[in-house]
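Please open the structure in a viewer and keep the sequence at hand. The stops below are arranged as a short tour.

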Amino acid sequence: RIPKVLFGHNNRQVEVGRARLMVLKKEDDGVDDVFTPGKRKNFADTNHALRFMEAIAVCASQNEPTLLVGETGCGKTTLVQRLAS
């Protein structure tokens, strides 16, 4: 199963697989949205990355502390930044 990234309710809600997160940023905050086509910044939506993003989103939706462990440069920070944007 490959998780999908979906938007709902006027882009105020993001669904990543089975997790649903509310978007807290304002529409006019001037921050580039990396989910917008053409604004992706060197991120490949691979099956592994989407499953990892779903797991992080589930933890965030439940306010559960999460520890990301991996080698230097494996994409921990990039994945969290992409989810946060």
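**The whole chain**

Begin with the entire chain displayed: among its contacts (heavy atoms within 4.5 Å) between residues at least 6 apart in sequence, 48% join residues at least 24 apart. This is a predicted model, in which local features need pLDDT of at least 70 and side-chain atom pairs count only at pLDDT 80 or more, while totals for chains, interfaces and linings use all residues. Residues are numbered from 1 along each chain as its sequence is written, and side-chain values use heavy atoms, with hydrogens and water left out.

Colour by secondary structure next. The chain holds 2 helices and 3 strands, these being DSSP runs of H or I with at least four residues and of E with at least two, numbered from the N terminus.

Select the strands. They form an open sheet of 3 strands in the order β1-β2-β3, with antiparallel pairing (two strands pair if DSSP finds at least two bridges between them). β1 (5-8) and β3 (19-22) are the edge strands with a single partner each, so one side of each has no neighbour in the sheet.

Finally, select residues 47-61. This is helix α1, which lies across β1, β2 and β3 and runs at about 60° to β3; axes are lines fitted to C-alpha atoms, for helices over the stretch in contact, and angles run from 0 to 180 degrees between N-to-C directions.
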